[in-house]
Amino acid sequence: MEAVIQSRRKERVDRGIKVRTDGVYAVSSWREITYLVAPRLLLIGGLVLLPLMLSAVPYWQKVLSIICIYSLLAISFDFLAHFVGLVSLGGALYIGIGAYTAALLNTHLGLPPILTIPLATILGGGICTLLLWPCLPLRGVYFAIVSLMFPLLAARVIEALDIFGGTDGILGVVGLPNKWVEMYVLLGAVLIILFGLRRLVNEDVGLVFRGVKDNDQAVKASGINIITFKALGVFIASAMGCLGGAMLSHLYMWAGISQFALDFSIIPIAATVVGGGGTLAGPVLGCLLLVPISELLRDFGTLRIAVYAVILCAFIVFKSEGLMVYGSRKYQQFERWVQI
Amino acid sequence: MEILIYGLINSVSLALMALGFTLVYGVSRLPNFAHGSLYVTVGFVTWLLLNRLGLPYPVAMLVSLVLIALVGAATYQFILVRIRGMAISEIIASYAIGLAILEGLRWGGLKGTTLTLPVFAQGSVDILDVTVDFHRLLVILLGALLVGGLWMFVNHTKLGLALKGMAQDERAALTLGIDSDRMAVFSMALGAVMAGLAALVLMPLGNIVVESGYHVLIMAVAVCIVGGLGSWTGAVLAAFIIGFAQILTTAWMGPHFQVVVALLAIIVTLISRPSGLFGRQKELEERV
Amino acid sequence: MKKLLARLSLLPVLAACLLWLAPMLAATSAQAAQPIVLGCPLSTAFLYGWDAERGIKLAVSEINAAGGVKVGNEKRPFSVEVIDTRDLEPGVPVSEALLGVEKLLLEKKADFIVGGPVRSEAALAAMPLIAKAKKISILTSGSLTPKYGDTVAQNPDQFKYLFRISGEAKWMVSGEIIPCLEQIGKKYNLDKMAIMVQDVAHARAGGGIIAKVMADKGWKVLPLEVYPTGATDFSLGLSKAKSAKAQVILIWMDMPETSILLKQWHDMKIPALPFGSIISAAEQPSFWAATEGKGEFCLANVVNAGNAPSQATPWTMFVEAYQKMWGVEPEGYGASSSYMAVYTLKDAIERAGSMDSDKLVEAMKATDLMGVYGRVKFDPKTHQVIPSLDPQEGAVGTIFQWQAGKRVVVFPPKIATGEILLPPWMKDAK
Amino acid sequence: MSAETMLSLKGVTKRFGGVQALTEVDMEVRRGDILGIIGPNGCGKTTLVNCITGFVRPDQGQVIFQGRDITGWPPHKVADAGLTRTFQVMRPYYSLAAYKNLIVPLFSPRARRTGGWRGGGRMGDRNTVAVDILEEIGFERDSYVPYKTASSLPTGYLKRLELARCLALRPDLIICDEVFSGLSMSEMASMLPLMEKLRAEGVTLIMVEHRLRELFSLANRVMVLNFGAKVCEGNSEEVMANEEVKRAYFGSEEVFEYV
C-alpha cells in the first residue's frame, strides 16, 4: 500500500522563555536569568577552570596556551571579516611582526616581558596597519589575496636581507616566570577581548564599522572617511594578533621567520568557519575544537594533516553556518512537524 | 641571449601552471586552491602507472588525465557545490581538499626525491651558443599548442562558448538554458586536466615532490591576479611578464630575489589596478 | 525545558572534557621492567628524518636483543617514541616542532632526546626547552650550524645537557672540503670554481667561507649564486659558470630540487665537476634512479662515514645490518650518527651506573668509544663530537663520488676505496 | 559671483570610455533656492549629482561650493563641507535599526562640530538626537517604527531615512536624487510640507525628479538636461513652454516633405 504522503513541514518556533527575555529584558524569574546567563557563564567558567583541570597533564596546558593564541587570531579575523567587511587572510603577518617586535625589544633593549608584550602589541599593530594601508581601498577577494601574500613576502625579505638573525631567528628571549602566568595572561586576554569587542560593536564606533561593512557608499555620503575607519579596524585586529605573537615569542623564548608560517593564517579562519562567523565567541569554540584535534592526531604521523583537512572540509560543507550559530538556534528555538 | 630563451621557457611554464586556475575561476568564480595538489597528483599517478603497472608512457599519461578529470569533477559535485557563494568557505574548503590530497600523497609514499618522469626527448642542442635541451624546447611547443588549443576550444566549440558565456555573466547564461552547475563541474574537470597537462610537461624537468604543489599554487595565483581574475588572455600575458621579470632578477640582482618578485608583482598590481590588466570586476564596481 | 537546557549546554563542555580525557588515554600503557624512553622529535616525512629514525630503531633493536642496558644492577630495555615535528616543511611554524618536543618530555616522559629537531632553526629554539627539563639530548641529524656548539660553550651550566654527535659546518669546511678540493686541484690542476648555495643561513655562511679560503689558496672563485628554497631552474647559473670556464661547481643545498640542477648540468654538458658540500638529494642510493644516471661523477659529502659503504672502522657491519633490517643501504648522513648516539648513551649510562642527568653529563664528557665512523669523543666545552681525518683519532667524515651507479668513497685518503674521476666531456674541454 | 550663490558649476564634462555623459554643464544655485533638475532617462542627471558630490571625478570643469573649489574632492570631504545627497537607489544599513542608522552620520566630524540638526549632538546622547530627527521627518516617536530594523521598513520610510541622514549633518545644501519616485499619493502628500519646512529652515535644495507636477509646485527654478547637455533653465512656466524640452520629453514627429 503506497504510503499516503501527508503534506507536512518542519516549523521552527521561538521558545517561550526566549520571547520573554528578548529585546527589552523583562527579567523576572531566576529561570529566565539562568537562561540568559548560562551560556556566557559556562564559557567564562569553563575557560578559567580549564588550566586547573589540566594540571594533571602538563603537556595539555601548553596546548591550551597555543589554543588561546589561535583564538586571539580567530577573533581578530572574525571581527575584521564580519564587522568591518575586510577579509584578511594574513593572520601570520600579525603573529610574525608581534613576535619579532617583542623579541627585538627584549633582546636589544633588555625590557622585561611585562613591558615588551604591551609595547609589541601597540607597536606591532601600528606597523601592520602601516603595511596594509595602501591595500585598504581594495575590496573582497583582492584584499584577501594581498593579505595572504604579505606574510610570505615578509618571511622572504627577512631571509634574503639576513636581518634580525636571518633564518636562525632571535635566540635568548626571556621566558615567562611560570606556566600559570602564561596561561592566565592568555586566558584573561582572550576573555577581555571577547567581551570588550562585543561591547565595542554596539557602541557608536562599532555602528560605523558595521556601516562600512554594509554599505561604504552611504558612510562616505555621511561625511566619514572610510579609509581611517578601516585602518582603525585593521589596527584593533592586528594589535590582537601581535599580542598573540608577542606571547608566542615569550612562550618559546625564540622568534624566527617560521612565525610567518601559513598555518597561522589558515587555522584561525578554519576555526571561525567551524565555530560560526560573526558571533566572536564562535571562533573561540572553533579553536577549542580544532587545535586539540590536531594535537590528538599527532600520533598519526604524516597522515595527521590529511585527516585534519578532511575534518575541516566536513565541517565547512555540512555545518557551513558554524557550531555557535547552530547551537544558539537550537538553544532559542525548537522544531516540530506541522500538518499543512 | 640566454635570458630570452630561458625567459620564454619560464613564462610558458608559468602560463601552463596558471591556465587551469584561471579557467575554473573565470567560469564559476571559484578560486580553486586545490590546483597545486591536482598538479602533483597527476605526476604521482603517472609515475605509479608507469613503474608499478608497467603501462607504456602515453597510456599512463592518458589514464592519469582521465582520473584527474574525474577527481576534479567529483570535488565540485560533492563538496564545493554545497558551499557556492560563500567566498571564505570556498577558499578554505578548496584549500582543505588540496591539503588532504597532498598530505595523503605524502603518506602514500611520495617521500623524498626518488621519483621522476622520463623526459620526452634526450639530448640537447646549441642555439646561438646557448645549450638548450630538447625537452625544454618541447615545453615551449606544447605550451603554445595548449594555449592555442584552449583558445580554439573556447571560441569555436558549442561547449566552449557556453563556458565563456558562464564566465561573463552567470545569470544571463542561466536564462539561455546553460545549467551552471553542470558547466562548473565540466570547468573543474577541464581545469584539472589543464593542471595535469602542465604537470606532465613540466615534471620531467625536475622530480615529483609534494612542495611543488604549494609552489605551483602561489605562482598560479600570482599570474591570475596580475592578469586580472577571470580573463584568460590576461593570464597568459601576465605569465610572460612575471616569467621574464623573474629571469631578469636572477640574471642581474641574484637568484634569491626570484620569489620576492612574484609576490611583489601581486601586491603592486592589486594596489594600482585591482582588477589586473584585463579584469572587468573593478570597473563594474566603481560605477555607483 | 530542563532536559533541553542540560542536553544543550553539553556542547561547550564537550570540548573541555575532550581535552581532559585525551591525556588519560595516552598515558595508560604500563610496561614490564621500566624501559628507558628515547624521545625522537624528527621530521619523518623527510630524508634526514626517516633515516635517523631507522638508525635509532636499528640500534635499539640490537641493544634490546643483547639484553638491554645495565643501569646499576638492573637490566632495562630501550623504547623509542618518535614524533613527527614537520619542521623541514615550508610554511610550518617552529612552534609545531617545539610542541612535539614538549609532548615527548611531558606526556611520553622521555628520559633522553635523541635526533633532536632536524632543522637548525628548530634545534636552536628547542635548546632552552630541553635544558629547562634537565634531560640529556644528543643532536644527530640535519642541523650543522656551529651556533649550536657555541651556544653550549657560552653558557655551559644552562645547556650542559645538550650534545651533538654529528659534524658541524666549521670543521666540515676546513677539515674535509678544503683539503679534498686541494687534492682534486693538484691531481687535475684545476683552479677555477663556481659556487651555488641555497638561500639558507648555514648554506650562505658555508659558501662564503669556502669562497674566501679557496681564493686565498690561489683559486679563481666566481661570485656566489644564491637560490631560494624551491627554485626549479638553474640553467642561467650553469650557463654563467660554463661561459666563465669554471672547472668545479660547489653545491651547498639541502632541498630536493638539487636533482634538477644535476640533470640540467648533465644535459647542458657543463665542463665542471659538481662538488656537493651539502647535497642531500645525492646522498640517497635512489638518487641514481631519480636522475636516470645523469648524476654520475657528482661528489657528495656525508658528514659522518658509515653511511656510504666503507671500511672506515672494523665496526662496518652497520651497513649490512641496516640493509638487512630496512632493505636499502643507509641513505642520509643522519643514519650512522643516530645509530652511534644510542650506543654512546648506552655506554654512558653503564659507566655512570644511574639515570641521574648530572652524573650522565660527566660520563658523556668522558666518552671514548670506537664507533662506526671512528672514535667518538666529545669536546668538553662545546659538547661537539671531536672530528678528524683519521678514524683512530676522531669522527671521520666521508666524501663519495657517484661512479657507475655506485657510491665510491674518495676522501679522506685513509678510508678511500676509489679515485676521483672527471666527467668525460670535461677531459677534452680542458 | 554674489556672496549668496550657494553652488556653481562651470563647464563640467564627464566621459565614461566612449559614452559622453556630461558636456559643458554650467549651473548656479542661490541660497534658499529649490532648483529642479529634470530630463529623460539616462540624460546624465545622476552623473551630474555624482560629479558634484565627488563620487565621480569630472574630466573638465569646476565645481564651486560656497566660494570653495571642491572639484575632485573625495565624497566625505564634500559632505563635511555641508553638501549632502540622497541616493537614487536607497542605501540604508539594513542590519541596523532605523534610529541606529542615524548614529553613523551623527558620528561624522561635521555632526560633532555643528552638533547635528537641532544641536545637542555634541554633548547629548546620540540616540535621543537620532530619534528627534526621525520624529521631525515623520517617524512617530512613540510607535515602534524608529526601533524596527531598516530592512523591514516600507519605501516611504526608507526615503525619509535617506533624508534624515542628510539632516543629521546640519547641511547647507541637499541634493535629493528622485526622492519622490516610488511614493504613494499619501506619502507624497506628507513629503511636500516637509520640503517646505526645510526651505524655511534655510536649507537649499536641488531636486532631481521625474514627477514634474509635484516638482513644479515646489521648485522656483528648473533646469533641463538632455544627452548630457543643458537644454534650458528658468522658472517652471518658461521651461514648460520651451520647444526643445517638449521634443526631449515627448519625442517629435519629424514630418518629411517628399519633394
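The following exercises concern a predicted model.

Residues are numbered from 1 along each chain as written, while chains are lettered from A and ligands numbered from 1 in the order of writing. In this predicted model, local features need pLDDT of at least 70, side-chain atom pairs count only at pLDDT 80 or more, and totals for chains, interfaces and linings use all residues.

**Exercise 1.** Determine whether A:Leu43 is buried, partly exposed or exposed.

*Solution.* Step 1: A:Leu43 belongs to helix H2 (residues 30-53) of chain A; helices are DSSP runs of H or I with at least four residues, numbered from the N terminus. Step 2: a residue is buried with 20 or more other C-beta atoms within 10 Å of its own, exposed with 12 or fewer, and partly exposed in between, the C-beta atoms being placed from the backbone. Step 3: A:Leu43 has 18 C-beta neighbours inside 10 Å and therefore counts as partly exposed.

**Exercise 2.** Describe how H3(A) and H10(A) are oriented to each other.

*Solution.* Step 1: two packed helices are described by the angle and the distance between their axes. Step 2: axes are lines fitted to C-alpha atoms, for helices over the stretch in contact, and angles run from 0 to 180 degrees between N-to-C directions. Step 3: the axes of H3(A) and helix H10 (residues 226-251) of chain A come within 9 Å and cross at roughly 170°. Step 4: angles under 35 degrees count as roughly parallel, over 145 as roughly antiparallel, 65 to 115 as roughly perpendicular and the rest as oblique. H3(A) and H10(A) are therefore roughly antiparallel.

**Exercise 3.** State how far apart A:Leu43 and A:Val284 are in sequence and in space.

*Solution.* In sequence, A:Leu43 and A:Val284 are 241 residues apart. From C-alpha to C-alpha, A:Leu43 and A:Val284 are 9.6 Å apart.

Definitions and conventions
Helices (H or I, at least four residues) and strands (E, at least two) are DSSP runs, numbered from the N terminus.
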